[in-house]
Amino acid sequence: MATTRREFLKVAGGAAAATAAGFPAVARAQAKPGVPSDPVKIGILAIRAGIAAPVGTAGLRGTEWWAERVNKSGGILGRQVQLIVEEESNPKDTVERYRKLILQDKVEVVIGGISTGVTLALGAVAEEMETPWLSWDGTTQKGVEETMPNPKWAFKSVDNEVEAIVAGQLTRKYFKGVQTIAGINNDYSYGHDCWETYQAVLKKLGMNVKPVLELFPKLGVTDFTSHIAAIQQAKPDLLMSSFWSGDATIILKQAAAVGLFKNMKGVFTTAGGVHDSLKKEFTPEGLLLGYNTMYFDDPKGSPLLKQFVREYKAKYNEYPAYESDHAYFNIESYKVAVEKAYAQTKQWPTKAQVVKALEGIEAQSLSGTRSWRTDHIQMCSFYQGLTTHKNNYDFVTINPIEVVSTKTAMKPAGSKLLDWINGWKI
Amino acid sequence: MITNLVNILMGGVFHAAILFLVAAGLQVVFGVQKIFNLACGSFYALGAYTGVSAVGYFTGHGGPPALFIVPLALGGLAVGLIGVVVERGLLRFVYDRDETFQLLLTFALVLMLEDLIRMTWGTAPVSTGGLYLNYGQARILGATVPVYNLIVIAASLAIALGIGWLLSRTVFGRIIRASADNREMAEALGVDMRWVYVRVFTLGTMLGTLGGALVIPATAAMSEMGIELIVEAFAVVVIGGLGSMRGAFVGALVVGILRSVAISVYPELEMLLIYLIVIAVLLWRPRGLFGAAAA
């Protein structure tokens with residue numbers, strides 16, 4: 001039943017996006033020698049429906065912004081970029097669209113993928129189709145275990161649990177005296193992994209905390225009054241949550257209505273994904289809030305970030321969240337890899353040459369330099385901090401801003417998460 | 001102890017208040033038209049989004065924030081008029097068809113309304129910000145309860161009483177009950193069924209849209225919020241009995257409070273407990289607590 005609707009959306013949305021997403025009639029630059037003159041086709045997978053739709057939208061907007069700029073300044077080696085956008089939905093349908101992008105549209109690379117459920121499936125197909133795939137936000141982790149330690153064609157996002165690790169480290173820094181904790185996380189792998197990892201980090205860091213309550217509401221619940229009653233009853237010193245969608249907004253609002261955070265610390269590892277909905281009226285100061293890998297209001301941010309935020313706000317009347325930057329880095333790294341490979345062979349690179357060039361490459365993202373680790377995992381920095389009302393917005397921002405690199409907060413290639421955490425030298 | 005009990009109970013009753021409105025919409029339509037309206041959850045979502053827009057317009061044009069509940073309720077009721085369009089434009093063609101057609105049609109409505117919402121309001125959750133906190137908090141036996149939640153509970157209770165009065169004390173109510181009992185006989189006695197159907201369906205729609213509008217200040221609107229709720233509404237209907245208003249009322253209370261108790265006592269049971277009750281009811285009393293005997 002769902003297929004029918006998704007298929008419809010695919011046709012309608014895909015067609016609209018493909019025409020809208022920057023395929024200018026006139027190429028502005030001459031292709032370099034050895035480079036075909038026709039546009040290079042890049043396949044994009046974006047979630048357009050359901051709870052993650054805002055995340056998919058942010059990724060797509062970041063991609064389109066990139067494409068517009070690159071096409072204006074001559075494309076990749078003089079080749080214009082044509083985006084072919086397909087919808088990410090359930091694993092089965094998305095895999096079909098992924099194949100279609102490669103077999104029918106003949107794209108050179110596929111970029112996108114948010115839901116781990118989907119990207120677990122895409123990883124295997126990418127290997128089979130022998131076309132590079134760069135994932136926006138999905139991994140090929142099952143729980144916290146990597147299922148594809150040495151992929152050839154798949155490039156994966158940061159590990160799911162990094163923001164819980166960073167939050168754990170910062171919990172010790174800012175909320176040292178905490179003795180009891182409660183967790184409210186969504187009832188699927190990301191929610192469970194984050195809660196488990198967060199506790200493991202606190203334990204390793206010598207915080208002798210006792211978990212007094214674990215709540216795992218389904219994704220999409222819009223009423224937490226009963227959950228909040230349970231939290232009030234358990235009276236933890238600190239509440240940890242990895243909510244990342246509208247549920248983060250809702251629980252903060254409903255918590256404010258009963259004054260939940262008056263005597264309790266709060267850690268929201270991922271709520272920065274909906275940061276501009278966290279209004280000051282109901283979001284207290286002093287919560288630990290994670291913005292994932294891009295913080296829109298970073299005073300030390302690059303001119304590129306500032307321009308992006310400004311133009312994003314002007315166009316969509318919103319402030320961008322991290323997924324825009326995952327998407328921006330992915331597609332920018334593809335461009336840099338093609339140029340790197342071209343510098344050696346003076347020919348438009350084959351797909352295999354692109355993959356080789358991508359390994360270990362650095363590229364400028366909106367939030368600074370990011371890279372692909374040699375085992376195809378994205379390396380970047382995470383932004384978290386304590387919420388403050390001292391800004392010019394009607395929502396909270398963070399101060400101080402803690403920036404933690406995946407070099408220290410993500411498990412190294414080939415290691416097991418809990419073994420790695422337990423092996424930290426404190 | 002008492003404080004915790006009040007917190008748990010108020011959380012459950014608040015949830016039940018909203019659940020009742022949606023389930024009541026489902027029941028009134030099924031009772032008379034014998035159509036199981038899957039789209040009742042979508043009407044709820046539509047009411048929620050309309051409520052946000054109505055409140056935004058109201059406060060944007062200088063309306064006093066304390067009165068936001070007026071445009072909220074009016075917006076919720078007004079968008080319920082879409083029921084007229086849906087009934088006349090779509091449903092009336094399938095009354096004599098197989099139930100499968102009716103289910104398919106109302107499911108199609110679910111998908112269409114979800115896309116309509118996405119096209120109109122976008123994919124990001126929308127909310128009325130912190131207006132919800134304007135009404136302050138009440139202290140009940142040591143527990144802090146948002147006054148707005150109490151207003152919603154009171155409104156839902158008033159609507160339940162209103163429907164009870166409508167069904168039992170008015171001419172229209174008698175016609176509704178007669179049509180539900182025996183449509184041919186009602187028609188033979190001169191009741192214009194088209195007229196009854198339009199009104200009943202619009203009433204059912206309005207209950208859903210009003211429920212959505214009323215809940216929204218306390219939460220945020222997401223395009224799939226209706227689907228989330230309809231599953232619980234089904235449980236309410238099964239427990240209470242298909243087509244019964246009293247069943248919707250009791251069923252909503254059972255589901256709301258049990259869910260709340262489960263979350264506090266044994267969170268793993270949050271959803272499971274409700275379905276255990278559903279199974280128990282189906283085994284022990286398949287027609288539900290207040291359902292009519294099976295034909």
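A:Leu77 counts as buried because 20 C-beta neighbours lie inside 10 Å of its own; a residue is buried at 20 or more other C-beta atoms within 10 Å, exposed at 12 or fewer, and partly exposed in between, with C-beta atoms placed from the backbone. The structure is a predicted model, in which local features need pLDDT of at least 70 and side-chain atom pairs count only at pLDDT 80 or more, while totals for chains, interfaces and linings use all residues. Residues are numbered from 1 along each chain as its sequence is written, and chains are lettered from A and ligands numbered from 1 in the order in which they are written.

A:Leu77 is located in the loop between H2 and strand S2 (81–88) of chain A; helices (H or I, at least four residues) and strands (E, at least two) are DSSP runs, numbered from the N terminus. Although A:Leu77 is not a glycine, its phi is positive, at about 55°. A positive phi, of about 50°, is also found at A:Glu130, which is not a glycine. This residue belongs to the loop between helix H4 (116–129) and strand S4 (133–134) of chain A. A:Glu130 is exposed, with 12 other C-beta atoms within 10 Å. In strand S17 (residues 397–405) of chain A lies A:Pro400, and the peptide bond that joins A:Asn399 to A:Pro400 is cis, with omega near 0°.

Between the chains, 36 residues of chain A are in contact with 34 residues of chain B, contact being defined by C-beta atoms, placed from the backbone, that lie within 7 Å. On the side of chain A that touches chain B, at least two residues each come from helix H2 (53–72), strand S9 (210–215), helix H7 (225–234) and helix H8 (246–257). By class, that side of chain A has 15 nonpolar, 15 polar and 6 charged residues; Ala, Val, Leu, Ile, Met, Phe, Trp, Tyr, Cys and Pro count as nonpolar, Asp, Glu, Lys and Arg as charged, and the others, Gly among them, as polar.

A:Phe282 is placed in the loop between strand S11 (265–268) and strand S12 (288–290) of chain A. With 22 other C-beta atoms within 10 Å, A:Phe282 is buried. Neighbours within four places in sequence aside, A:Phe282 contacts A:Leu252, A:Lys253, A:Ala256, B:Gly130 and B:Leu133.

In chain B, the axes of helix H3 (residues 69–79) and helix H9 (residues 193–215) come within 7 Å and cross at roughly 150°. Axes are lines fitted to C-alpha atoms, for helices over the stretch in contact, and angles run from 0 to 180 degrees between N-to-C directions. H3(B) is therefore roughly antiparallel to H9(B); angles over 145 degrees count as roughly antiparallel, under 35 as roughly parallel, 65 to 115 as roughly perpendicular and the rest as oblique. The residues of H3(B) that meet H9(B) are B:Leu72, B:Ala73, B:Gly75, B:Gly76, B:Leu77 and B:Val79, and their counterparts in H9(B) are B:Met206, B:Thr209, B:Leu210, B:Gly212, B:Ala213 and B:Leu214. This contact of H3(B) with H9(B) comprises 8 nonpolar, 4 polar and no charged residues. Of the 23 residues of H9(B), 18 are buried, and the helix is mostly covered.

The axes of helix H2 (residues 40–60) of chain B and H3(B) come within 8 Å, crossing at roughly 135°. H2(B) is therefore oblique to H3(B). The contact of H2(B) with H3(B) has 8 nonpolar, 6 polar and no charged residues.

Key. Contact = placed C-beta atoms within 7 Å.
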